[in-house]
Amino acid sequence: MSGKYTLIIAEKPDAAKRIAQAIADKRPKRLEKRDAPYYEFTVNGKKHICVPAVGHLFVLSPSKDHNPKGWSYPVFNLEWVPTYTRKETNWTEKYFKNIQELAKDASDFIDAADVDTEGEVLLYNILRFICGVKDAKRMKFSTLTKDELIYAYKNMDKHIMFPMLESGLTRHTLDALWGFNLTRALTLALKNQAERGFAILSTGRVQGPTLAILLEKELKVRKFKPKPFWQLLLRVKMDGAEVVAVYEKDKLWDKAKAERIFRSCKGKDATVRAVQKRKYRQKPPVPFNTTDLLSEAYAQFKYSPRQAMAIAESLYQAGFISYPRSSSQKLPPSINYRRILEALAKLKPYAELAKVLLSKAKLQPNEGKRTDPAHPAVYPTFEPPDLKKLNARQKKLYDLIVRRFMAVFAEAALRESMKVTLDVAGHKFIAVGKRTIEPGWTMFYGKYLAYEEQLLPELSVGQKLKVLKLEMLEKETQPPARYSQGSIIKEMEKRGLGTRATRAEILQTLYDRGYIIGKSIQVTKLGETVTKVLKEFCPRVLSEELTRRFEKEMDAVYAGKKKRETVIKEAQKFLIDVLEEFKKNEKKIGKKLLKGLVEARKEARTLGKCPNCKTGELR
């Protein structure tokens with residue numbers, strides 16, 4: 001192909017701008033067509049154009065020749081179609097057209113998408129379907145800082161990352177096969193029973209097992225029956241301060257026994273029987289990977305995983321943090337720890353803390369076990385923002401990332417626990433004190449810690465203490481806590497469900513489908529019905545083991561140990577068996593789904609019990 005320039009294709013507009021600004025001989029020229037930007041410039045005198053996509057410009061869809069009867073299943077013939085052909089994403093057409101026109105005069109192509117399976121798949125589709133080529137040079141980077149982009153350009157790979165691409169294409173195909181077939185099966189079973197008002201019901205390869213986990217916890221909460229217990233508290237005076245000691249058995253299940261102990265101890269003073277002190281060191285936390293970051297953002301700010309990822313993505317696109325989709329809990333020396341800390345020292349909130357670390361002779365991060373072949377853990381770059389220009393949410397998440405980064409280089413915290421055993425009429429009560437002797441890493445990350453500090457005075461064995469009050473409290477056991485949006489993301493990672501890039505979206509899909517509600521996640525009647533129907537008639541669809549098996553298969557594709565086509569054929573064979581079983585029971589399934597849908601709509605209309613009669617329901 002005879003052409004006039006090198007065409008660099010970036011994943012998003014902000015990335016295209018930063019790449020152009022970083023590698024250009026002089027300030028790049030910003031051009032615009034169809035209200036979408038691209039950049040023209042030279043590198044060592046050679047003309048380049050950097051044009052952005054906006055994420056995936058192609059999506060898998062059933063082939064048009066799949067079935068002349070229309071919406072049916074099974075469907076195994078899939079094709080990639082432009083996202084702009086769908087109403088909800090038709091705004092992507094201008095980016096598609098710009099790349100299409102610019103590709104005509106390009107002499108060569110550079111893949112500058114994010115370095116992960118999603119980035120490689122979206123760029124490969126652009127290359128083959130729009131540009132008419134199946135390979136390109138590859139820039140690889142973990143931050144959008146000027147230095148790293150220049151390095152990535154000068155040290156480009158000659159080819160795109162085919163192992164990563166193959167793994168990504170396998171994942172997209174498997175997810176599409178599961179989604180199209182099972183969604184159609186569920187929806188058509190319901191439609192054949194419902195005369196009107198039927199709903200689109202979906203499940204997926206990871207969505208189904210995740211909902212099953214949530215329902216398992218939901219049913220435990222619903223079935224939970226509280227059990228009464230009694231607790232004895234002793235309020236004593238220690239060196240002028242009031243301290244609470246708890247009876248040695250925290251829960252007394254026999255009320256009569258609790259009352260006997262209470263009567264025996266009432267009106268009597270306490271004697272110190274034992275004092276035990278223990279000093280221990282708490283190591284710093286490990287660097288953030290995606291799951292840890294999303295979980296902590298939820299715990300600290302109540303940002304949903306999807307919100308937190310969007311905020312992190314905006315900080316990455318601006319060059320302020322590294323790529324936020326990473327499994328790694330490691331920070332390699334190549335990122336230049338000292339340079340980052342020197343940059344952070346120029347920001348007022350972090351100046352003094354950064355100087356403490358910079359005074360160390362050696363900077364050694366406390367790292368976790370998880371690794372990622374493409375990216376290190378999430379960290380702030382040496383191109384920090386003007387904090388005044390960040391919005392409130394960006395500022396909070398950036399602060400969290402910065403303080404976590406600094407904490408991993410700090411010393412262990414030295415803590416002391418003190419356990420005091422008190423004797424009252426032959427009965428033991430325990431008071432526990434905790435204090436920090438050397439703050440270590442907590443000095444950096446302390447604002448995000450719920451650290452318990454309970455100081456107890458120096459006491460000696462045999463010392464008498466005045467009892468201020470003895471209390472007998474009646475309590476009940478509490479149901480198990482439901483999953484939060486942060487804890488379910490961690491649980492998915494622990495069980496090998498989904499990837500760092502997909503977990504937040506899978507969770508959001510469950511909300512969007514009306515299967516779950518609330519921040520303390522509750523499974524709705526609809527979500528419960530879909531899961532129970534699948535569990536009864538095709539339980540393998542909900543199998544975590546099966547999902548993990550295919551995850552391993554995709555790893556094998558990435559490692560070159562297995563062919564994409566082989567894994568897809570295995571998936572098709574599995575789905576054929578499942579869908580045949582589904583068709584045999586379609587009528588029963590449809591009836592149960594319809595009943596659940598009716599109950600779900602009734603549940604959605606119900607506001608709660610009437611405050612007056614306490615029995616009727618408000619609607």
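Modeller: Gladly. Two strands are said to pair if DSSP finds at least two bridges between them. Keep in mind that this is a predicted model.

Colleague: What makes β11 and β12 a pair?

Modeller: Strand β11 (residues 270-282) and β12 have eleven bridges between them, in the antiparallel sense. The cut-off is at least two bridges, so they count as paired.

Colleague: What pairs with β12 through strand β13?

Modeller: β12 and strand β13 (residues 427-438) are also antiparallel, over eleven bridges. There, T421 stands opposite I430 in β13. The two strands form a hairpin with two residues between them, and A425 in the turn has a positive phi of about 55°.

Colleague: Why is β12 called largely enclosed?

Modeller: A residue is buried if its relative accessible area is under 20%. Eleven of the twelve residues of β12 (residues 413-424) are buried, so the strand is largely enclosed by the rest of the structure.

Colleague: And why do β14 and β15 stand at the edges?

Modeller: The open sheet has seven strands in the order β14-β11-β12-β13-β10-β9-β15, with antiparallel pairing. β14 (464-465) and β15 (467-476) each have a single partner strand, so one side of each is left without a neighbour in the sheet. For β15, nine bridges join it to strand β9 (residues 228-238), and the two run antiparallel. The bridge partner of P228 in β15 is E476.

Colleague: How do you know that helix α7 packs on the sheet?

Modeller: Contact means heavy atoms within 4.5 Å. Helix α7 (residues 255-265) touches β9, β10 (241-247), β12, β13 and β15, and its direction makes about 175° with that of β15.

Colleague: What makes you say that the buried residues of α7 line one face?

Modeller: The buried residues are A258, I261, F262 and C265. Seen down the axis of α7, they fall within an arc of 100°, so they line one face of the helix. Their cover includes β9, β10, β12, β13 and β15. As a general point, an α-helix has 3.6 residues a turn, so residues three or four places apart point the same way.

Colleague: Why is D254 called a cap?

Modeller: A polar contact needs N or O atoms within 3.5 Å. A side-chain oxygen of D254 lies 2.9 Å from the backbone nitrogen of A256, at the N-terminal end of α7. Just after α7, G267 takes a positive phi of about 80°.

Terms used
Residues numbered from 1 in each chain as written. Predicted model: local features only at pLDDT ≥ 70, side-chain atom pairs only at ≥ 80, totals over all residues. Heavy atoms only, no water. Buried < 20%, exposed > 50% of the residue type's maximum accessible area, 1.4 Å probe, protein only. Helix = DSSP H or I, 4+ residues; strand = E, 2+ residues; numbered from the N terminus. Axes fitted to C-alpha atoms, helices over the stretch in contact; angles between N-to-C directions. Arc of directions from axis to C-beta. Polar contact = N/O pair within 3.5 Å; in protein donor to acceptor, adjacent residues only side chain to side chain.
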